[in-house]
Amino acid sequence: MWLKGDFVRRGYVVILLLFTLLVAGCGQKEIKNAVNWPVDDFSATTQDNKSVALKDLKGKIWISDFIFTSCADVCPPMTANMAKLQKMVKDEELENVEFVSFTVDPTVDTPERLKEYAGNFGADFSNWSLLTGYSQEFIEGYARKTFKTIVKKPENESQVIHQTYVYLVDQDGNIKKTYDLFKNVPYEEIIHDIKALQ
């Protein structure tokens, strides 16, 4: 009789553990259609004339895009949308999230110019770095290899060809997902995915 009771008690414990694991699993957040592209190292200068490299972002979640200050069409709405996303992250009290914008026109976009440009959109520079200080050749190759996107400045042209994506990068420096930052920005999805990484 004691053995039977012991067996029943053990059975209850096993069922309780399985139920707990099932409930915990249901509560986990997942990033749908996630990719896992490793970010290559880079060396750049921020809008505050500070050096920054990939190692400085390790351990942080970051949101990244490609813009330039003399862009005549897509960059102003992209930057406004980035500023809105930054505010949403702050309102949600999500910590350890950085925003990183690479200029695709580094010979024109000085740190001072980038700071003035982003300031016009209400950027909070406490966790938003706008990067320059590398060559045109570097950013075109870096964008293609690491972010799987096109950046190209035609000769004798002021406008740089680039796409309108924003990228979510995890704490280990892996790109997890891309989203459109120009029109119909999926803000709630991005916030959800940031929370999934935290």
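Reader: Leaving aside its neighbours within four places in sequence, which residues is F68 in contact with?

Author: In this predicted model, F68 is in contact with C75, T103, V104, D105, D109, Y117, S158, Q159, V160 and H162. Contact here means heavy atoms within 4.5 Å. F68 itself sits in the loop between strand 4 (61-67) and helix 2.

Reader: Why is F68 called buried?

Author: Its relative accessible area is 1%. Buried means under 20%, so F68, at 1%, is buried.

Reader: What makes G59 partly exposed?

Author: G59 has a relative accessibility of 38%. Partly exposed covers the range between the buried cut-off of 20% and the exposed cut-off of 50%, and 38% falls in that range, so G59 is partly exposed. The residue lies in the loop between strand 3 and strand 4. Not counting residues up to four places away in sequence, G59 touches N96 and Q171. The C-alpha atoms of G59 and D172 are separated by 6.2 Å, although the two are 113 residues apart along the chain.

Reader: Why is the pair D40 and K145 called a salt bridge?

Author: The side chains meet at 3.5 Å, N to O. A salt bridge needs a side-chain nitrogen of Lys or Arg within 4 Å of a carboxyl oxygen of Asp or Glu, so this Asp and Lys pair at 3.5 Å qualifies. The pair links distant parts of the chain: D40 is in the loop between strand 1 (37-38) and strand 2 (43-45), while K145 is in helix 4 (residues 136-146), 105 residues apart.

Reader: Which parts of the chain does the salt bridge of E92 and K195 link?

Author: The side chains of E92 and K195 meet at 3.0 Å, N to O. This pair also links distant parts of the chain: E92 is in the loop between helix 2 (75-91) and strand 5 (97-103), and K195 is in helix 5 (residues 187-197), 103 residues apart. E92 is partly exposed at 37% relative accessibility, and K195 is partly exposed at 31%.

Reader: How do you know that D170 and K176 form a salt bridge?

Author: The closest N and O atoms of D170 and K176 are 4.0 Å apart. The cut-off is within 4 Å, and the pair is counted as a salt bridge. Both residues are buried. Elsewhere, salt bridges that share partners join K177, E189 and D193 into one network. The structure holds 12 salt bridges.

Reader: What lines the largest pocket?

Author: The largest pocket is lined by 18 residues, and T46, V52, L57, E98 and S129 lie nearest its centre. Its volume is about 240 Å³. Strand 3 (51-53), strand 5 and strand 6 (128-131) each supply at least two lining residues; strand 6 gives the most, with three. By class, the lining has seven nonpolar, six polar and five charged residues.

Reader: How many helices and strands does the protein chain have, and what share of its residues is buried?

Author: The chain has five helices and 10 strands. Buried residues make up 44% of its 198 residues. The chain exposes about 11200 Å², and carbon and sulfur atoms supply 54% of that area. Among contacts with a separation of 6 or more, 72% are between residues 24 or more positions apart.

Note on methods:
Residues are numbered from 1 along each chain as its sequence is written. This is a predicted model: local features need pLDDT of at least 70, side-chain atom pairs count only at pLDDT 80 or more; totals for chains, interfaces and linings use all residues. Side-chain values use heavy atoms; hydrogens and water are left out. Helices (H or I, at least four residues) and strands (E, at least two) are DSSP runs, numbered from the N terminus. Buried means under 20% relative accessible area, exposed over 50%, partly exposed in between (1.4 Å probe, protein chains only). Accessible areas come from the Shrake-Rupley method with a 1.4 Å probe; for residues, only the protein chains shown count as cover. On a 1 Å grid over the protein atoms alone, a cavity is a set of points where a 1.4 Å probe fits but cannot get out, and a pocket is an open set with protein on both sides within 12 Å along at least five of seven lines; lining residues have an atom within 4 Å of a point. Grid points are joined across faces, edges and corners, and a volume is the space filled by probe spheres set on the points. Ala, Val, Leu, Ile, Met, Phe, Trp, Tyr, Cys and Pro count as nonpolar, Asp, Glu, Lys and Arg as charged, and the others, Gly among them, as polar.
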